[in-house]
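Colleague: I would like to go through the aromatic pairs, the core and the cavity of this protein. Can we take them one at a time?

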Amino acid sequence: MLPANFEIGYPWMFWLLPLPILLFFILPPLRIKSPSLQYPGFEKALDYTGDKPRRSALVKRRNFFNWLILILGWVLVVVTLSSPQLVGEPQMKVKTSRNFLITADISFSMAQKDWEVNGEKVRRWDAVKSLMHDFIEKRKGDRMGLVFFATNAYVQAPFTPDLGTVDQMLEEADVGMAGQMTHIGKAITKGIDMFDQDTIKTKVMLLLTDGVDAGTDVLPLDGADMAKQDSVIIYTIGIGNPGDSGSDLDEKTLQQIAEMTGGRYFLAKDAGQLQQIYQEVDTLEPIEYEEEEHRPVTLLYMYPLAAAMMLLFMASLLNNLGGVIKKGMNKDGDV
């Protein structure tokens with residue numbers, strides 16, 4: 001039984017199956033001259049007997065075994081030319097049509113060990129980074145980039161579809177690399193600069209912070225207004241519990257940034273809530289797929305081709321071996 005996904009790429013090739021029979025009846029037989037022995041008395045013998053000379057040829061007939069090998073070999077060649085194949089299930093191609101920028105706060109406050117992962121107390125940044133790895137892996141189809149900020153904002157990874165590189169660049173970042181304070185306005189304008197240098201129109205920014213803006217150069221809402229004019233959607237995530245005495249999270253500003261740009265604000269008090277937020281962002285910004293279907297194909301032509309070659313090789317070997325045995329038997333008979 002053939003598998004359900006077995007297909008013939010070129011079924012019209014089977015019209016070639018009767019070709020050898022047509023050639024057998026249409027083409028004239030091949031005539032090959034062979035050496036002959038001149039008999040001096042040939043003409044006298046004809047006069048004496050009254051017979052007339054005629055042309056003749058020795059026709060070598062193939063036995064059943066040879067004909068069977070040739071037929072099977074030709075069938076296998078035709079099967080090879082028909083391109084048998086296994087066609088996999090249809091798969092939709094991922095469509096790359098969006099720049100997705102993660103803008104993360106790595107100020108000193110992210111070093112607080114007040115989050116719990118797998119029953120162990122860890123730094124906020126370590127928990128955020130661990131969950132961010134999973135989020136990046138699921139964004140196949142997006143061109144992703146990374147901006148980290150604190151006192152300063154800098155590009156850790158430019159927009160690229162190579163999510164493995166983005167993931168590696170995330171792993172190499174740590175708290176304090178951009179300073180001590182939190183400058184949200186700088187982070188937003190740095191992200192806008194990255195979007196302006198690219199041609200893709202759909203622009204999404206995910207902004208994570210656990211503090212209040214301490215900058216004076218660019219205010220967060222001014223940055224949000226610039227993002228709105230540039231059609232950048234900003235989803236903001238507040239890290240930590242605003243009710244704790246050690247928290248200075250500015251939820252109001254983060255909510256306003258999200259509302260101004262058409263995004264949403266989320267509060268992540270722990271790792272579990274942050275995981276749910278990532279899942280919700282995946283729903284709000286789903287991966288897009290091409291309408292064109294892609295079906296993986298596994299070619300099988302090499303199997304009938306190998307069988308045909310092996311069959312002809314074995315037939316030639318057996319014929320030669322039979323000739324050697326026959327000669328040996330003739331010699332023994334002469335003795």
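What follows is a set of questions and answers on this predicted model.

Colleague: How many aromatic pairs are there?

Modeller: Two rings pair if their centres lie within 6.5 Å. By this rule the count of aromatic pairs is 6.

Colleague: Is the pair of Trp125 and Phe148 stacked or edge-to-face?

Modeller: The two ring centres are 5.6 Å apart, and the planes stand at 90° to each other. Planes over 60 degrees apart count as edge-to-face. The pair of Trp125 and Phe148 is therefore edge-to-face.

Colleague: How many residues apart in sequence are the parts that this pair ties together?

Modeller: Trp125 belongs to helix H4, residues 124-137. Phe148 belongs to strand S7, residues 143-149. The pair therefore ties together parts whose separation in sequence is 23 residues.

Colleague: Which element gives the most residues to the largest nonpolar core?

Modeller: This core has 38 residues, and Trp125, Val128 and Met132 are among those that touch the most other members. Elements that give two or more residues to this core include strand S4 (98-105), strand S9 (202-209) and H4. With 7 residues, the element that gives the most is H4.

Colleague: Leaving aside neighbours within four places in sequence, which residues is Met132 in contact with?

Modeller: Contact here means heavy atoms within 4.5 Å. With neighbours within four places in sequence left aside, the residues in contact with Met132 are Ile102, Ala104, Trp125, Leu170, Leu208 and Tyr278.

Colleague: Which element gives the most to the lining of the largest cavity?

Modeller: A search of the whole structure finds 1 cavity of 30 Å³ or more, and the largest cavity has a volume of about 30 Å³. Its lining includes Leu131, Phe135 and Tyr278, and ring pairs link Phe135 and Tyr278 with Phe100 into a cluster. Both H4 and helix H9 (271-284) supply at least two residues of the lining. With 4 residues, the element that gives the most to the lining is H9.

Technical notes:
Residues are numbered from 1 along each chain as its sequence is written. This is a predicted model: local features need pLDDT of at least 70, side-chain atom pairs count only at pLDDT 80 or more; totals for chains, interfaces and linings use all residues. Side-chain values use heavy atoms; hydrogens and water are left out. Rings of Phe, Tyr and Trp (its six-membered ring) pair if their centres lie within 6.5 Å; planes under 30 degrees apart count as stacked, over 60 as edge-to-face and the rest as tilted. On a 1 Å grid over the protein atoms alone, a cavity is a set of points where a 1.4 Å probe fits but cannot get out, and a pocket is an open set with protein on both sides within 12 Å along at least five of seven lines; lining residues have an atom within 4 Å of a point. Grid points are joined across faces, edges and corners, and a volume is the space filled by probe spheres set on the points. A nonpolar core is a set of buried Ala, Val, Leu, Ile, Met, Phe, Trp, Tyr and Cys residues joined through side-chain atoms within 4.5 Å. Buried means under 20% relative accessible area, exposed over 50%, partly exposed in between (1.4 Å probe, protein chains only).
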